[in-house]
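Subject: Structure handover

Hello,

Here is the structure for you to look over. My notes follow below it.

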Amino acid sequence: MNRRRWVAVFGAFALTTVAITYVMGLWVTPPDVFQGNLVRLIYVHPAVAWVAYLAYGVTSLSSIAYLWKKTRNYKWDLLAASSTEVGVVFTALTLITGSIWGRPTWGVWWTWDARLTTTALLLVLYLGYLALRRVTEDREQRAKRGAVAALIAFIDVPIVHQSVVWWKTLHQSATVFNADLNPKIHGEMAWTLLLGFLSFTAVYLWMVIKRYEIAKAEMAAEEQGIEEAIRERVGSL
Amino acid sequence: MRTESELGGYQEDGSSTWKELPGGRPSRKKVKRSAVAAVFVVVAALVFILYKGLSSALVYFYTAQQAIADKAQLGTSTFRMEGVVVPGTVQPTASGVNFSVRFDHTVVPVVEIGAPPQLFQPSVPVVVVGHFSTATSDVFLSDQILVKHSANYVAAHPNRIKDAGGSN
């Protein structure tokens, strides 16, 4: 099988695991003793939040790889930008799903506690990164500025994760990645939660691979476009 | 093949008379202008969020115990107070609900104006938004209850999984 076929098969696999997570989450798992059916959001919300962390982690590593002279290559810059775009989508999903859960559970769509505030900050920081990339047409300048901005924005990721520990928040503390790494959730609910993490991670990988391929094609088209413009004006070189 | 004269070129004085060719992409100037505008919007959003964070998120609530301890300083200003709803104190009223919250050994009576959220019940931790009724009174007048959720998840009917689709 060629590379394209592999990516398509992997995409189908990722979407199938998401479908299984939905069936497990909506029908197979039991309601919670306190939250009732509202608990079903836990199969989606922490998983998409984790993917956002993961995406920004990949952005940071790619940015370091670009900045480090030994590994400098525009491909790292394209990967960083691709991963950020997917990360922004998942950060927005985190805020939206959290808000939908917050309204019936807490009683409000939004509140300015430390977890929500730092997560909103995370979304805006990386939107800023994407906007900054468009300010200059110079490829090297764009890659350098972007890499530095991405590393600055990443400072917020551990702050988001620790916000529920460092400050008093309305948001609950971590169920899975808590201090003793002892998940406070059991049985089928725990398995479905794990499946949610795996399936959304697979979707992330698929989206990044696709986005990265598009970014590479765009760069190639841009180079070709420049050559054609020159040819059109001064004749073939 | 176009000739150079149609399209312009470099003049003797070094200036350029190259003409723009019609193309599908927006010009560089336009892209740059909208990108700079987007950066400004992002910076404005950052300032707004940092302001909200510094004014609200650093001290999101006082526990009922801290609220009583800092009462002289808090006076009748509005703040958020956290505590667990004391079982047996919940009394629905015409305008809302009366109950008490407890943190450690400190109990504070709360008069809530407005309907509590659906998960409000005895023994759950809540954050109430409001103020002490007078500078000397311990009664907390609230106009909003936020139900805090613990990080624990327990199946409602562990032995009746087939009922999963139903309510508990």
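The UniProt annotation "transmembrane region", from an unreviewed entry, covers residues 7-27, 47-68, 80-102, 114-135, 147-169 and 189-209 of chain A. UniProt positions are given in the numbering used here, feature names are shortened, and annotations may be inferred rather than shown by experiment. In the model, residues 7-27 of chain A are 100% helix and 0% strand, with end C-alpha atoms 30 Å apart. Residues 114-135 of chain A are also 100% helix and 0% strand. Their end C-alpha atoms lie 31 Å apart.

Please bear in mind that this is a predicted model: local features need pLDDT of at least 70, side-chain atom pairs count only at pLDDT 80 or more, and totals for chains, interfaces and linings use all residues. Residues are numbered from 1 along each chain as its sequence is written, while chains are lettered from A and ligands numbered from 1 in the order in which they are written.

Next, the interface. Chain A puts 46 residues into the contact and chain B puts in 44 residues. Two residues are in contact if their C-beta atoms, placed from the backbone, lie within 7 Å. On the side of chain A that touches chain B, helices H1 (3-28), H3 (74-105), H4 (114-135) and H7 (187-234) each supply at least two residues. H4(A) gives the most, eleven residues. By class, this side of chain A has 24 nonpolar, 14 polar and eight charged residues. Ala, Val, Leu, Ile, Met, Phe, Trp, Tyr, Cys and Pro count as nonpolar, Asp, Glu, Lys and Arg as charged, and the others, Gly among them, as polar.

Now chain B. There are four helices and seven strands in chain B. Helices (H or I, at least four residues) and strands (E, at least two) are DSSP runs, numbered from the N terminus. Along the sequence, the pattern in chain B is α-α-β-α-α-β-β-β-β-β-β.

Finally, strand S7 (residues 140-147) of chain B. Strands pair if DSSP finds at least two bridges between them. S7(B) runs parallel to strand S5 (residues 106-113) of chain B, joined by three bridges. There, Glu112(B) stands opposite Ser142(B). With strand S6 (residues 125-132) of chain B, S7(B) pairs in the antiparallel sense over seven bridges. Val128(B) has Ile145(B) in S7(B) as its bridge partner.

Best wishes
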